[in-house]
Amino acid sequence: MTDTTATASSTTDSTSSRQPEPPLAILLELTHRCPLRCAYCSNPLALTPASQELDTAGWREVLRQAADMGMLQVHFSGGEPMARSDLTELVAYASELGLYSNLITSGVLLDASRLAALQQAGLNHVQLSFQGLEDTQADRLSGFRGGVAKKQAALALVQQSGLALTLNFVITRSNAHELDAMLHYADQHGIARVEVANTQYYGWGLQNRAALIPSEAQLDAMTACVTQWREQTRGRMVIDYVIPDYYARRPKACMGGWAQRFLNVMPDGTLLPCHAAQTLAHLQFPRVPHSTLHAAWYDSPAFAAYRGSSWMPEPCGGCEHKERDFGGCRCQALALAGSADTLDPVCERSPQHEHVVTLARREAQLGEQPYTLRSFSFSA
Ligand code: FES
């Protein structure tokens with residue numbers, strides 16, 4: 001594996017010579033505990049046990065440092081962040097610090113009293129995920145029985161509270177046919193923002209890819225469906241649409257560029273530029289309390305390794321898109337092309353691009369396949 005630390009420290013181009021901007025947002029993976037066992041889970045294969053999670057004081061210190069650095073938003077995520085009994089205290093502290101707070105939740109642990117407490121603590125926004133609206137399919141994908149009804153109840157509570165809300169529909173081959181019904185459901189409920197998020201294949205989800213990836217025909221149908229609903233709901237519902245990377249011709253600007261906009265904190269306090277960065281075993285990522293957030297962002301070789309464009313191989317270095325897509329996803333380059341230092345194979349200029357598209361097409365034809373669900377003993 002190339003020593004990217006050396007590459008990063010010897011760069012001279014315009015993007016790397018500038019002092020990086022502070023991150024816009026911090027994503028706190030408060031815990032890996034989760035009552036769901038989703039086949040597409042993007043968390044790592046090895047989850048952090050509860051005994052190694054940062055304690056309340058540790059998370060408060062992370063929030064304080066984030067605010068000090070000038071960050072504006074905090075996303076409380078997991079796992080299921082509601083599995084943390086100190087969530088309300090952390091939301092209250094984020095609010096005291098002036099951070100805009102978003103709760104990313106499956107909704108299955110949400111009840112009226114906890115929601116009221118979170119709202120009183122200053123929570124600003126809820127992002128509620130659905131794995132579909134058909135019980136059998138959603139239960140199978142999430143490994144959780146009766147989730148749809150619980151999520152619908154959670155949706156009603158959030159709507160009654162008046163909190164800002166985004167519905168996140170997770171799309172795979174097994175529920176792509178439900179998309180029209182999902183968007184109809186969202187519109188019927190007066191939802192202002194919806195994410196149609198095809199699963200990305202990281203962590204646990206990568207090993208289920210052959211069972212999850214939709215076909216190109218499904219993708220075309222989804223795109224037509226989203227286009228129609230966008231037209232039909234213009235002015236009342238915004239639909240964000242994330243397609244399966246593998247069928248794209250240009251890579252996504254993953255995380256808005258490596259270490260450019262987001263800082264992720266793992267349950268044990270490891271600081272990362274993205275949720276899958278620990279798969280890049282050649283990089284040493286800092287961890288609180290041994291490092292500050294400031295030192296990680298501005299001084300860590302791991303954060304500098306793929307920031308900007310100076311690390312890029314050709315043809316990325318001379319590409320007119322390099323300041324827009326920042327070379328795509330480093331974790332995907334490693335997973336699919338065997339090196340984080342090479343082109344993201346999603347890019348049509350990658351020598352591996354055709355292989356990736358062929359792989360996706362072949363896997364998408366496999367029909368219904370068994371999922372390997374997560375197994376993690378859960379306690380809230
Ligand atoms: Fe790590 Fe894309 S998930 S760079």
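Reply: Start with a charge on a ring. Lys151 lies over the face of Phe130, at 6.0 Å from the ring centre. A charge sits over a ring here if NZ of Lys or CZ of Arg is within 6 Å of the ring centre and within 35 degrees of the ring normal.

Some ground rules come next. This is a predicted model, in which local features need pLDDT of at least 70, side-chain atom pairs count only at pLDDT 80 or more, and totals for chains, interfaces and linings use all residues. Residues are numbered from 1 along each chain as its sequence is written, and side-chain values use heavy atoms, with hydrogens and water left out.

How confident is the predictor? pLDDT is its confidence in each residue, from 0 to 100. The chain has a mean pLDDT of 93, and 95% of its residues reach 70 or more. Residues 1–16 stay under 50. Where pLDDT is low, the predicted coordinates should not be read in detail. The model scores are ipTM 0.95 and pTM 0.92.

Now the ring pairs. The whole structure holds eight aromatic pairs. Rings of Phe, Tyr and Trp (its six-membered ring) pair if their centres lie within 6.5 Å; planes under 30 degrees apart are stacked, over 60 edge-to-face, and the rest tilted. Phe130 and Phe169 have ring centres 5.7 Å apart and planes at 50°, so this pair is tilted. The pair links distant parts of the chain, 39 residues apart: Phe130 is in strand β4 (residues 125–130) and Phe169 in strand β5 (residues 164–171). Strands are DSSP runs of E, at least two residues, and helices are runs of H or I, at least four, numbered from the N terminus.

Buried means under 20% relative accessible area, exposed over 50%, and partly exposed in between (1.4 Å probe, protein chains only).

Trp258 and Phe285 form a tilted pair too, 6.4 Å centre to centre with 50° between the planes. This pair also links distant parts of the chain, 27 residues apart. Trp258 is in the loop between β7 (238–242) and β8 (262–265). Phe285 is in the loop between β9 (271–272) and α12 (293–299). Both residues are buried. Ring pairs link Trp258 and Phe285 with Trp297, Phe303, Tyr306 and Trp311 into a cluster.

Definitions and conventions
pLDDT is the predictor's confidence in each residue, from 0 to 100. Contact means heavy atoms within 4.5 Å.
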